[in-house]
Amino acid sequence: MMKNPLPMDGLGFNVRQIRIAAEMAGEKNGLIVICGPKKAGKAATVEALLLLVKRECGAEIVVTGEICGAESAQTAVRASLAGSLVLATLQADDTAGAFMRLVDFGVEPSVLASVLKGVIVQKLVRRNKEVILLADVASVRKNLSDAAVRRCTADDLNDCFLHCTNVISEILKSIKCLPRPVYINRRRQASDRMYREAAPRRQN
């Protein structure tokens, strides 16, 4: 725990993102996932969310740390199902990547859709000798539960979130950095294929 954590505006999130994050923090239970690569400032964002949670509600808060495998993924989900508001970090490129990685760790898609309240994807980049936070604060749409049990792609899953980024698309393109609405590479395409192939088995 940081002695003097910065609020979200001090980290670089804009007013609209903070409002969406406050709505997530106002939930009585569920799972909020903060994603990004190593050294992306995820821990600082968790601390900033804790400040919001303390202002918004009296929910029981559980901070699980980094989800890096099946055991930690199940721990986070079980805590949220038990009535806690869980904050966890995860290495993923975007909202769809976060969802599919948790499914890869053994979390049932329908269960994950029922507990997930939002995803924050972030990355720190250096531009003009300054460190800039690029972030996408995404809240869950109601149709995530339906998409979770269908043969859905990364595009489908990303569309199940209401996205709010703190930089304009032109800047994102110029520095070639996440978060983007959709990010697909060979690894993602393989993950999509595995997810689609597994979907029929989950339905049966």
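Strands β1 (30-35) and β4 (116-127) run parallel and are joined by five bridges. Val33 has Val119 in β4 as its bridge partner. This is a predicted model, in which local features need pLDDT of at least 70 and side-chain atom pairs count only at pLDDT 80 or more, while totals for chains, interfaces and linings use all residues. Residues are numbered from 1 along each chain as its sequence is written, and side-chain values use heavy atoms, with hydrogens and water left out.

**The sheet**

The open sheet has six strands, in the order β2-β3-β1-β4-β5-β6, with mixed pairing. Strands count as paired if DSSP finds at least two bridges between them. Strands (E, at least two residues) and helices (H or I, at least four) are DSSP runs, numbered from the N terminus. At the edges stand β2 (61-66) and β6 (161-165), each pairing on one side only. From one strand to the next the twist averages 15°.

| Strands | Sense | Bridges |
|---|---|---|
| β2 and β3 | parallel | five |
| β1 and β4 | parallel | five |
| β4 and β5 | antiparallel | 10 |

Ile61 stands opposite Leu85 in β3. Val121 has Asp136 in β5 as its bridge partner. β4 and β5 form a hairpin with two residues between them. In that turn, Asn128 has a positive phi of about 55°.

**A helix across the sheet**

Helix α2 (residues 15-25) lies across β1, β3, β4, β5 (130-140) and β6. It runs at about 45° to β5. Axes here are lines fitted to C-alpha atoms, for helices over the stretch in contact, and angles run from 0 to 180 degrees between N-to-C directions.

Ser139 is found in β5. Is Ser139 buried or exposed? Ser139 counts as buried because its relative accessibility is 16%. Buried means under 20% relative accessible area, exposed over 50%, and partly exposed in between (1.4 Å probe, protein chains only). Not counting residues up to four places away in sequence, Ser139 touches Ile20, Met24, Lys117, Gly118, Cys160, Phe161 and Leu162. Contact means heavy atoms within 4.5 Å.

**The cores**

The largest nonpolar core holds 35 residues. Leu31, Leu90, Leu102 and Leu116 touch the most other members. Such a core is a set of buried Ala, Val, Leu, Ile, Met, Phe, Trp, Tyr and Cys residues joined through side-chain atoms within 4.5 Å. Elements giving two or more residues include α4 (70-81), β3 (85-90), α6 (109-115), α7 (144-148) and α8 (154-158). α5 gives the most, with six residues. Another core lies apart from this one, with 23 residues, among them Ile20, Val46, Ala59 and Leu133.

Which residues does Leu90 contact, leaving aside its neighbours within four places in sequence? Leu90 is in contact with Val33, Ile34, Cys35, Gly36, Lys42, Glu66, Ile67, Ala98, Arg101, Leu102 and Phe105.

Helix α5 (95-104) is mostly covered, with eight of its 10 residues buried. They are Thr95, Ala96, Gly97, Ala98, Phe99, Met100, Leu102 and Val103. Gly106 follows α5 and has a positive phi, near 105°.

**An exposed loop residue**

Lys39 sits in the loop between β1 and α3 (42-56). Lys39 is not a glycine, yet its phi is positive, about 60°. Lys39 counts as exposed because its relative accessibility is 82%.
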